[in-house]
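The following exercises ask the reader to work through a structure step by step. Each task is followed by its solution.

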Amino acid sequence: MGKYLVDKFMRAVEMSDTEVSRYVADPRAYVEAWCAAPGGPDGPTDDRGLTGPEREAFAGRDFERLYALGAHPYLLWHFTEAVYSHEFTPESGWRALVERYRAAVAPHGHVDYLP
């Protein structure tokens, strides 16, 4: 069920500018707080949690690793876009992020993202 929680985590962050800001400010602390929170629509499920590699990937903002772990590609892209969009500059914006994302995930091919 790790993939389900990976997708749930990304959705919980990506759907709120406040959550994106909190996550970007301190990804590791955000991940640990989210995992420790009680279960709910935007929180972890009571009897399940993120695996160690999933936690580390989120703490490191490592979208390549998340892709390789089976994060849903659609959710992962929107999560990545939300997390990195505040870092856009005139020289390195959305197009550069798209190209960096593609280059990072392409070597992994089509991953199994079904929970």
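Predicted model: local features only at pLDDT ≥ 70, side-chain atom pairs only at ≥ 80, totals over all residues.

**Exercise 1. Determine how the axes of helix 1 and helix 3 are placed relative to each other, and which residues make the contact.**

Solution. The axes of helix 1 (residues 2-14) and helix 3 (residues 27-36) approach within 12 Å and cross at roughly 115 degrees. Axes are lines fitted to C-alpha atoms, for helices over the stretch in contact, and angles run from 0 to 180 degrees between N-to-C directions. Helices are DSSP runs of H or I with at least four residues, numbered from the N terminus.

The next step is to classify the angle. Angles under 35 degrees count as roughly parallel, over 145 as roughly antiparallel, 65 to 115 as roughly perpendicular and the rest as oblique. Helix 1 and helix 3 are therefore roughly perpendicular to each other. Leu 5, Lys 8, Phe 9, Ala 12 and Val 13 of helix 1 make the contact with Tyr 30, Val 31 and Trp 34 of helix 3; contact means heavy atoms within 4.5 Å.

Residues are numbered from 1 along each chain as its sequence is written, and side-chain values use heavy atoms, with hydrogens and water left out.

**Exercise 2. Classify the crossing of helix 3 and helix 4, and name the residues that meet.**

Solution. The axes of helix 3 and helix 4 come within 8 Å, with a crossing angle of roughly 140 degrees. By the cut-offs of the previous exercise, that makes helix 3 oblique to helix 4. From helix 3, Pro 27, Arg 28, Val 31, Glu 32 and Cys 35 meet Arg 55, Glu 56, Phe 58 and Ala 59 of helix 4.

**Exercise 3. Identify the buried residues of helix 3 and state what covers them.**

Solution. Pro 27, Tyr 30, Val 31, Trp 34 and Cys 35 are the buried residues in helix 3. Buried means under 20% relative accessible area, exposed over 50%, and partly exposed in between (1.4 Å probe, protein chains only). Seen down the axis, the buried residues of helix 3 fall within an arc of 125 degrees, so they line one face of the helix. The arc is that of the directions from the helix axis to the C-beta atoms.

**Exercise 4. Check the length of helix 7, then locate its buried and exposed residues.**

Solution. Helix 7 has 12 residues (residues 94-105), which should span 16 Å at 1.5 Å a residue; its end C-alpha atoms are 17 Å apart, which agrees. The expected span is 1.5 Å times one less than the number of residues.

The buried residues of helix 7 are Leu 97, Val 98, Tyr 101, Ala 104 and Val 105. They cover an arc of only 135 degrees around the axis, which puts them on the same side of helix 7. On the other side, Arg 102 and Ala 103 are exposed. Helix 5 (63-68) and helix 6 (73-84) are among the elements that cover the buried residues.

**Exercise 5. Is Trp 77 buried or exposed, and which residues does it contact?**

Solution. Trp 77 is located in helix 6. With a relative accessible area of 16%, Trp 77 is buried. Leaving aside neighbours within four places in sequence, Trp 77 is in contact with Trp 94, Leu 97, Val 98 and Tyr 101.

Technical notes: Helix = DSSP H or I, 4+ residues; strand = E, 2+ residues; numbered from the N terminus.
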